[in-house]
Amino acid sequence: MSSTNNIAFTAPINPPGTTPVLTLEQVWKGLLLKIRSAETFVPGAIQSTKVISDSVDPLTGYPVTVRDVLFRETQKTVQETVTAFEPTRVDFEQLGGSKISNVISQGAGRELYMTYIFEWRHHGISKEELAVLFDKENKMSQMAVEGTIKVLRQLVEEEKL
């Protein structure tokens, strides 16, 4: 039996009538900031971020950051290895096997979208417990995407990106 919840949520970055209109470059800079300061983007879920190391993957040349993230609800610190695939994807991998991807994509009309893909691993729980967590994580995925876009727009308005 699988003990993994696979969840994805997508939202438009620049819905009609929204200002300022965010560029791919601004959104990418925001995701790079999110690597070092996750609590800026999801303060309800993450209390703090501590960067442990920065390096470059010798095979791919992509930057890799190892960080500790303190989750607000559980007060549990989780270590993540974060790889930034410029200019469209940041992958977060936790020691327990859970994975998260933050993806910037373009539609046919060149509009920008933000997608978060979650592979939440929950070792040693029942099917019923997994279903309860799925509902909670599904709601959280939407809040995380929409909250990140809101913070990106705020940071651009404040000329911080």
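The protein carries 17 positive and 20 negative side chains, and the centres of these two sets lie 1 Å apart. In this count Lys and Arg are positive and Asp and Glu negative, with His and the chain ends not counted; each charge is placed at NZ of Lys, CZ of Arg, CG of Asp or CD of Glu. The model is predicted, so local features need pLDDT of at least 70 and side-chain atom pairs count only at pLDDT 80 or more, while totals for chains, interfaces and linings use all residues. Residues are numbered from 1 along each chain as its sequence is written, and side-chain values use heavy atoms, with hydrogens and water left out.

As for the overall fold, the protein has three helices and seven strands, arranged along the sequence as β-α-α-β-β-β-β-β-β-α. Both kinds of element are DSSP runs numbered from the N terminus, helices being H or I of at least four residues and strands E of at least two. The C-alpha trace spans about 45 × 35 × 30 Å along its principal axes. A compact globule of 161 residues would have a radius of gyration near 15 Å, and the 16 Å of the protein agrees with this; the radius is taken over C-alpha atoms, and the globule rule is 2.2 Å times the number of residues to the power 0.38. Buried residues make up 40% of the 161, where buried means under 20% relative accessible area, exposed over 50% and partly exposed in between (1.4 Å probe, protein chains only).

Arg67 is buried, with a relative accessible area of 2%. Polar atoms of its side chain lie 3.1 Å from the backbone oxygen of Lys34 and 2.7 Å from the backbone oxygen of Ile35.

One runs from Thr19 to Pro20, with omega near -10 degrees, and Pro20 sits in the loop between strand S1 (4-12) and helix H1 (24-36). Another joins Glu86 and Pro87 with omega about 0 degrees; Pro87 lies in the loop between strand S4 (76-85) and strand S5 (89-94).

Gln75 is in the loop between S3 and S4 and is partly exposed at 47% relative accessibility. Glu159 likewise has phi near 55 degrees; Glu159 lies in the segment after H3 and is exposed, with a relative accessible area of 72%.

Key
Polar contact = N/O pair within 3.5 Å; in protein donor to acceptor, adjacent residues only side chain to side chain.
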